[in-house]
Amino acid sequence: MYYRSQYPRDLFAELDRLQREMQEAFDFSPSIRGLARGSFPAINVGGTPSSVDIYAFAPGLDPASIDVQLEKGTLTVAGERKAAEVPEKSTVHINERFGGAFRRVITLPDDVDSESIDAKYRDGLLHIAIQRKQEAQPRRIAIK
Amino acid sequence: MNMNESTQVAKAAEAARNEAAMLPPVDVIEDTGGITLYADLPGVPKDKLSLQVEAGTLTIEGEVALDVPQGMEATHAEVSLPRYRRVFTLSKELDTQKVNAEFNQGLLKLRIPKAEHAKPRRIEVKLT
């Protein structure tokens, strides 16, 4: 499934991405959890010196039904999204949206503080911010 | 508006159309009363969503607003562009005056009813 991206772009960008993914898959060692492109929800990860920020693009969910777990250096985002309702005697012309149970696992850097984690859900976007440990922060050492 | 300004506006609109955008995944379901369209636009706030019906085409556009802390460096990105755009050609029997839109948590639901004259009716077959 890794040839299909969740939010496709134009053809050339797709070809470029495909080539990069082929390289990732064959030349280098891919991640043990696969090249999760095209799976739901799409995830962006970023970091600052003081935090790690994870963005999960998961529209149309009830925030209470999203299960976010932090365990042994991995973060799991799981839940279920119902497929669109199809009334009787109707025709489905296009069916691209994800429906069903989902689970994504992300490996976190070693220096995160599992006690200070903050998750927000807004506009269908789940933002999880995890602070890095105090002792891992860069600091200036005074010379006496 | 003078000529110069209007060409500038036209140029700006064209530039917006040419900007790279992601295609949001959609579901389109048709029943006897009309068409229901669902589109996934996660990260788009209500005021950054634009829906347009013009000359028989429906354009869905949305800008992603990420709440990014200062100095963040992206390490992994599956969503790599800040906007979505998708255009559909509508068919004549749809009543574009009565489109109903709901937008909740990044999920857009559009209901486009069929015009009264286009709704199915049973045709009596007369025997002569």
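In this predicted model, Lys72(A) lies in the loop between β3 (67-71) and β4 (74-81) of chain A. Lys72(A) is not a glycine, yet its phi is positive, at about 45 degrees. Most residues other than glycine have a negative phi, and most peptide bonds are trans.

The contact between the two chains was examined next. Chain A contributes 43 residues and chain B contributes 44 residues. The size of an interface is often given as the accessible area lost when the parts come together. For chain A and chain B the buried area is about 3600 Å². Carbon and sulfur atoms account for 54% of this area.

Polar and charged pairs also cross the interface. The rule finds 22 residue pairs in polar contact between chain A and chain B, both residues at pLDDT 80 or more. Salt bridges between the chains number 5. One salt bridge links Arg81(A) to Asp40(B), with 2.8 Å between the closest N and O atoms.

On the side of chain A that touches chain B, five elements each supply at least two residues: β1 (42-47), β2 (51-57), β5 (91-95), β7 (112-122) and β8 (125-132). Of the elements on this side, β1(A) gives the most, with 6 residues. By residue class, the side of chain A that touches chain B comprises 19 nonpolar, 12 polar and 12 charged residues.

Strand pairing also joins the chains. Strands of a sheet pair through backbone hydrogen bonds, either parallel or antiparallel. β1(A) pairs with strand β5 (residues 73-77) of chain B over 4 bridges, in the antiparallel sense. Within this pairing, Val45(A) has His76(B) of β5(B) as its bridge partner.

The pairing belongs to an open sheet of 5 strands. Their order is β7(A)-β8(A)-β2(A)-β1(A)-β5(B), and the pairing is antiparallel. From one strand to the next, the twist averages 20 degrees.

How values were computed: Residues are numbered from 1 along each chain as its sequence is written. Chains are lettered from A and ligands numbered from 1 in the order in which they are written. This is a predicted model: local features need pLDDT of at least 70, side-chain atom pairs count only at pLDDT 80 or more; totals for chains, interfaces and linings use all residues. Side-chain values use heavy atoms; hydrogens and water are left out. Contact means heavy atoms within 4.5 Å. Buried area is the accessible area (1.4 Å probe) that two parts lose on being put together, summed over both. A salt bridge is a side-chain nitrogen of Lys or Arg within 4 Å of a carboxyl oxygen of Asp or Glu. A polar contact is a pair of N or O atoms within 3.5 Å; within protein, one must be able to donate a hydrogen and the other to accept it, and residues adjacent in sequence count only if both atoms are side-chain atoms. Ala, Val, Leu, Ile, Met, Phe, Trp, Tyr, Cys and Pro count as nonpolar, Asp, Glu, Lys and Arg as charged, and the others, Gly among them, as polar. Two strands pair if DSSP finds at least two bridges between them. Axes are lines fitted to C-alpha atoms, for helices over the stretch in contact, and angles run from 0 to 180 degrees between N-to-C directions.
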